[in-house]
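Please read this briefing alongside the sequence and the 3D view.

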Amino acid sequence: MKKNIEKTNVMRVLDQKKVSYKSYCYVDTGVISGMEVADVLGQDPARVFKTLVTEGSGDAHYVFLVPVEKELDLKKAAKAVGAKSIHMLKAKDLLGLTGYVHGGCSPIGMKKLFPTVIHTSAEGFDTIFFSGGKIGYQVETSLEELKKVMPFRLEDVVVS
């Protein structure tokens with residue numbers, strides 16, 4: 001992994017809010033899938049989170065962070081945000097809505113702040129990893145530090 005990495009928008013937001021974090025770059029590895037990311041970082045996949053964007057009725061959109069080894073349970077997720085039902089946002093709509101591409105989507109620095117839910121398992125770790133806002137970049141921070149940047153709730157939203 002590179003030592004001198006370029007700052008992504010996510011890192012600039014974290015710096016601006018004085019959030020304590022570590023950044024990681026693995027752009028030269030060709031790694032994209034969450035399980036591969038956990039492997040290249042040498043981390044437990046339960047501690048590496050993927051950012052998933054969903055849509056409900058009307059203009060409602062929701063963001064979920066779940067461990068890369070798990071799958072989002074759409075019924076649990078809908079209940080967590082008080083929606084009747086939700087579905088995954090189409091990959092082609094991700095850039096226009098969030099400013100991020102598939103594989104590089106972060107809960108921080110989206111074009112708009114959406115209701116965000118992080119899976120309860122995150123509470124079991126001092127820090128978690130998630131996308132740094134570009135393919136090949138990850139950031140690591142605590143939930144306490146993350147609260148300085150964005151509001152979120154903790155809920156069980158994965159398939160059991």
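**Salt bridges, a helix and a loop**

Glu-140 is buried, with a relative accessibility of 9% (buried means under 20% relative accessible area, exposed over 50%, and partly exposed in between, using a 1.4 Å probe and protein chains only). This is a predicted model, in which local features need pLDDT of at least 70 and side-chain atom pairs count only at pLDDT 80 or more, while totals for chains, interfaces and linings use all residues. Residues are numbered from 1 along each chain as its sequence is written, and side-chain values use heavy atoms, with hydrogens and water left out.

**Salt bridges**

- The model has 8 salt bridges, a salt bridge being a side-chain nitrogen of Lys or Arg within 4 Å of a carboxyl oxygen of Asp or Glu.
- Glu-140 takes part in one of them: its side chain meets that of Arg-47, at 2.8 Å from N to O.
- This pair links distant parts of the chain, 93 residues apart: Arg-47 sits in the loop between helix H2 (34-41) and strand S2 (49-55), and Glu-140 in strand S7 (residues 137-141).
- Helices here are DSSP runs of H or I with at least four residues, strands are runs of E with at least two, and both are numbered from the N terminus.
- Lys-7 and Asp-15 form another salt bridge, with their closest N and O atoms 2.8 Å apart.
- Asp-15 is partly exposed at 34% relative accessibility, and Lys-7 is partly exposed at 42%.
- Arg-153 and Glu-155 also meet through their side chains in a salt bridge, at 3.2 Å from N to O.
- Arg-153 is partly exposed, with a relative accessible area of 39%, and Glu-155 is partly exposed with 27%.

**Helix H1**

- Helix H1 spans residues 9-16, and its buried residues are Val-10, Met-11, Val-13 and Leu-14.
- Seen down the axis of H1, these buried residues fall within an arc of 160°, so they line one face of the helix; the arc is that of the directions from the helix axis to the C-beta atoms.
- An α-helix has 3.6 residues a turn, so residues three or four places apart point the same way.
- The cover over the buried residues of H1 includes strand S1 (22-25), strand S6 (128-131) and S7, where contact means heavy atoms within 4.5 Å.

**The loop after H1**

- Lys-18 lies in the loop between H1 and S1.
- Just after H1, Lys-18 takes a positive phi of about 55°.
- Most residues other than glycine have a negative phi.
- Lys-18 is exposed, with a relative accessible area of 67%.
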